[in-house]
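Student: Could you take me through this structure feature by feature, giving the general idea before the particular case?

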Amino acid sequence: MIDYDYKRPDSLEEVFRLLQEYGPRAGLIAGGTDVMVKIRNTKKAPEVLISLRGLTDLAYIRKNGHYHIGGLTTHRMLEQSELLQNELPALYEGASRIGSVQVRNVATLAGNICNAAPSADTAGPLLALDARVTLQGPDGERRVPITEFFTGAYRTVRKQTEVLTEINIPAHMEQFGSAYWKQSRRKAMNLPIVGIAVSLRLDNDTISDSRIALTVAAPTPIRAYKAEEFLAGKPMEDAVLAEAGRIAASPECCTLRDSLRGEAWYRARIIEVYVPRMARLAAERIKKTH
Amino acid sequence: MKKVSVSFTLNGDPVTADVPVTWTLLKTLREYFELTGAKEGCGVGECGACTVLVDGKAVNSCLYPIPEVEGRSVTTIEGIAEKDGTLHPIQKAFLENNGVQCGFCTSGMIMSAKALLDQNPDPSEEDIRKSIAGNFCRCTGYVQIVESIQMAAKLKE
Ligand SMILES: Cc1cc2nc3c(=O)[nH]c(=O)nc-3n(C[C@H](O)[C@H](O)[C@H](O)COP(=O)(O)OP(=O)(O)OC[C@H]3O[C@@H](n4cnc5c(N)ncnc54)[C@H](O)[C@@H]3O)c2cc1C
Ligand code: FES
Ligand code: FES
């Protein structure tokens, strides 16, 4: 028998108070698209669910220098944001490919990364966009770069009493183009077999800076640093991009495995092919916005 | 098990449900209000048979915790025809186009279509397909459903 209590506080202070009161017996719920499914599948629930949906002030997308995305922002809001589509297309693509309209209407960006599935569709884009997350707790707040946020499959640095209140993307990303590819069997309602996000900046035709992020390529979403290092200062040429793809798909960058959704060799091939394609697309998008 | 009392608007009428706090909106609609139009297919967000509108947005009612409905407005398939029984244009279009076969997916399909057409009265085929991507139909092959929604958009004009 599934049993739990449900609290819907309308301030962060109240959330912290409840988190402290119930300690490990409490769980946070936002859109509930991971939490409710897990409760139903495992027949287990925390003693009390603390809903964040009363914190309506935390649903926003803003730009003032940096890009600020509130901790209760849904994927649907991201998908309908022209700012995101024009300036952070990789994140727009990640969010708009999640589940269905029904899922995206309630599911949040913060929930996607706090759940920390190795396949989380927004994790690659956030890694490629140098995102930082704000974790707020009863004793104050801290900023964590997304590169340090994931500690394992379904594990993050978030403490039990902390709430992810904002995702921040630094202003320098304005000068980058970005793109995300979700390799999946069907166009909709499917988790990625592998995900590839690329962002880059050009100086004439030379790649001055780049980020390559991969999901379902290791226990956590990762950056392919070796491939990025290889690209630095190189021209935007097919042979160069192909080599970056090979490095990204190699054990120097990832630990691919066979799973029900796809085999390691296949994931490697997709990474090899799509790192160059996403790099090209990212580069085209810089030219469009500047 | 703890109970909650949740007040909201259901198909235009103010209602209160006294149900266990762990119930979903779907369970409350079907078992407390005995509105069985929304169906339970998968129970985990995959099939869309349970789709209803909350404040005008399509959601999977099987994943929607009942305490979250407090103060909101819920529309189900039972609430879209006129009071005198005249069908909604989307319902008419589904009937005329064979958009319904076994009918299990139909309430959800129509609610997703309604959410789309309320926002975008002149959708492209791509818009239609995206808006029903979370509604599975095992009978029709989707073609007649897409055509029904296209016809509904014309009927509404
Ligand atoms: C049918 C279906 C299809 C899906 N398809 C995809 C897909 O294609 N790609 C994909 O990546 N995911 C997919 N998902 C998974 C899920 O929808 C996403 O991970 C979603 O973003 C989770 O957000 P939520 O708000 O619903 O999280 P919840 O389920 O409410 O929470 C998820 C976790 O994050 C924690 N949490 C939530 N918000 C915060 C916060 N602000 N601070 C701290 N902790 C928090 C919760 O405690 C919980 O552990 C799918 C789910 C379903 C049911
Ligand atoms: S029953 Fe809700 S989506 Fe299948
Ligand atoms: S008509 Fe049978 S599932 Fe769609």
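Tutor: A residue surrounds a ligand here when one of its heavy atoms lies within 4 Å of it. By that criterion 37 residues surround ligand 1, and the closest are Leu28(A), Ala30(A), Thr33(A), Asp34(A) and Thr108(A). Ligand 1 lies between chains A and B. This is a predicted model, in which local features need pLDDT of at least 70 and side-chain atom pairs count only at pLDDT 80 or more, while totals for chains, interfaces and linings use all residues. Residues are numbered from 1 along each chain as its sequence is written, chains are lettered from A and ligands numbered from 1 in the order in which they are written, and side-chain values use heavy atoms, with hydrogens and water left out.

Student: Which polar atoms of the protein lie 2.8 Å from an oxygen atom of ligand 1?

Tutor: A polar contact is a pair of N or O atoms within 3.5 Å; within protein, one must be able to donate a hydrogen and the other to accept it, and residues adjacent in sequence count only if both atoms are side-chain atoms. At 2.8 Å from a ligand oxygen there is a polar backbone atom of Gly32(A) and a polar side-chain atom of His75(A). A polar side-chain atom of Asn112(A) is 2.9 Å from an oxygen atom of ligand 1. Of the 980 Å² of accessible area that ligand 1 has on its own (Shrake-Rupley method, 1.4 Å probe), the protein covers 93%.

Student: Which element gives the most residues to the shell around ligand 1?

Tutor: Helices (H or I, at least four residues) and strands (E, at least two) are DSSP runs, numbered from the N terminus. The helix α7(A) gives the most, with 5 residues.

Student: How should I read a positive phi, and where is Lys43(A) placed?

Tutor: The feature is listed for residues other than glycine, and Lys43(A) has a positive phi of about 60°. Lys43(A) sits in the loop between α2 and β3 (48-51) of chain A.

Student: Is Ala116(A), another such residue, buried or exposed?

Tutor: Buried means under 20% relative accessible area, exposed over 50%, and partly exposed in between (1.4 Å probe, protein chains only). Ala116(A), whose phi is also positive and near 60°, has 1% relative accessibility and therefore counts as buried, whereas Lys43(A) counts as exposed because its value is 59%.

Student: What does the side chain of Ser112(B) make a polar contact with?

Tutor: Its partner is the side chain of Gln102(A), at 3.3 Å. Ser112(B) lies in helix α3 (residues 106-119) of chain B.
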